Amino acid sequence: MFDKIWNQHVITGEPGEPQLMYVDLHLVHEVTSPQAFEGLRQQHRRVRRPDKTFATMDHNVPTEDIFNVKDVIAKKQMATLQTNAEEFGVTLASVGTEDQGIIHVIGPQLGLTQPGKIIVCGDSHTSTHGAFGAIAFGIGTSEVEHVFATQTIWQQKPKTMGIHVHGDLKAGVSAKDIIMALISQSGFDGFTGYAIEFYGNVIDDMSMANRMTLSNMVIEGGAKMGQMKPDQTTFDYIAGRKYAPKDMTAAMKYWSQFYTDDPSAFDKTLDFDVSKLAPYVSFGTNPGMSVPVDGQLPEPKDDNDRKAYDYVGLKPGSSPKDIPLGYAFFGSCTNGRLEDLEAAAEILKGQHIANGLTALVVPGSMAIKAEAERRGLDQIFKDAGCQWRMPGCSACLGMNPDLVPAGVHCASTSNRNFEGRQGSGSITHLASPQMVAAAAIHGHFIDIRKEAI
Ligand SMILES: CC(C)[C@H](C(=O)O)[C@@H](O)C(=O)O
Ligand code: SF4
């Protein structure tokens, strides 16, 4: 599948060397675009294909009141994107408009993300869009400028890794646990240099929301891209969306060519049986430092591990259930979709979060917020003692007012847990929406397969 899409997009260059690739969709946000637009301006260039470029604001958005941006840099970045989008004719889902949201949530939601496309964005979690059978990867700011100007990008073709995900996924275990287990078992850079394709019965049965969670986090294992073959689930998701093809029959016929004929063609394969998989919790300062909830925190292997233990203030041999939580975060491009909020709400319904714990629920987009409210999820969260917020990256990273205080342990549905990620001195524990919901109620993690909520 990877080669089929890749080969259709090569403009020039020899295999084994960087090749010039055509870009079908360029997604843009306020943090990595200002210098790129400025570069164009200085060279008197235009955005070559504004019709293949789409922008939004997500990282800096204050989720309590999205129109009241107090931080000077945040305000400037957002205003700059507004001006740049107008000047260069780029469609922008600006704050407060119905299409606004986290870029990796709204691309799929608007039907912009489609099989067979090459999709880039100045953001590492662009891998998310690979869940539709696209080649999607993050690029740097100078590359953003190159794509603006030429609609092309130089890229060296990566090696391919096929991950066969099979078996019987048990209740309480989700895509988040699969990817966290895969990363912790492969070492946190075990995917480096590879484009990953997930396949097998577990993937076939998975919703698009869960497939996106898997693709989203391949970057945390070192891969820039992670995809699945498009199938009926993919087509049904896209059909009827704002920018979906008008002629879906023709589109589906075209998309159906994108699959891997022969798994032995992968440069590397990995077999992953999910039948005995437990929910995972991260304890350290990279996503690879994760254990099953019924496991123990391992002995440190090196100075890095010792440093991580010092930072998080936990002891080897202890249980993830012993971590004293003060905060819970539901949201991000990993788990901020409607299905994720539903999974959390199902657990929180009729319950209350632990005394003294702060819980933020941040929908991934305005559309998700509206639909969640139509279904009454906001009320479930509020009744449980959570704060119901406006869409944005929020507490996934410390670029906006949603910060976890220093020294506080946060159960989080996001994807990164390095030092200070959620605010200076904050301590992040990654887990699935179901696990974070149960943890918020108890003030510590529980094994949702076995223990009563
Ligand atoms: C700000 C942006 C460049 C960054 C990324 O590339 O991923 C952010 O989205 C993140 O998750 O750390
Ligand atoms: S939600 Fe988090 S991971 Fe996703 S783009 Fe925003 S900051 Fe990056």
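Strand 9 (residues 159–166) and strand 10 (residues 194–199) run parallel and are joined by six bridges. Strands here are DSSP runs of E with at least two residues, helices are runs of H or I with at least four, and both are numbered from the N terminus. Across that pairing, lysine 159 sits opposite tyrosine 194 of strand 10.

A quick word on the model: it is predicted, local features need pLDDT of at least 70, side-chain atom pairs count only at pLDDT 80 or more, and totals for chains, interfaces and linings use all residues. Residues are numbered from 1 along each chain as its sequence is written, while chains are lettered from A and ligands numbered from 1 in the order in which they are written.

Back to the sheet: it's open, with four strands in the order 11-10-9-12 and parallel pairing (to pair, two strands need at least two DSSP bridges between them). Strand 11 (225–227) and strand 12 (268–273) are at the edges with a single partner strand each, so one side of each has no neighbour in the sheet.

The protein splits into three domains, with bounds from an automatic or database domain assignment:

| Domain | Residues |
|---|---|
| domain 1 | 2–155 |
| domain 2 | 159–229 + 257–273 |
| domain 3 | 281–442 |

Taken over C-alpha atoms, the centres of domain 1 and domain 2 are 24 Å apart. Their contact takes 19 residues from domain 1 and 19 residues from domain 2, where contact means C-beta atoms, placed from the backbone, within 7 Å. On the domain 1 side, helix 1 (2–9), helix 4 (103–109) and strand 7 (135–138) each supply at least two residues, and strand 7 gives the most, with four residues.

Key
Contact = placed C-beta atoms within 7 Å.
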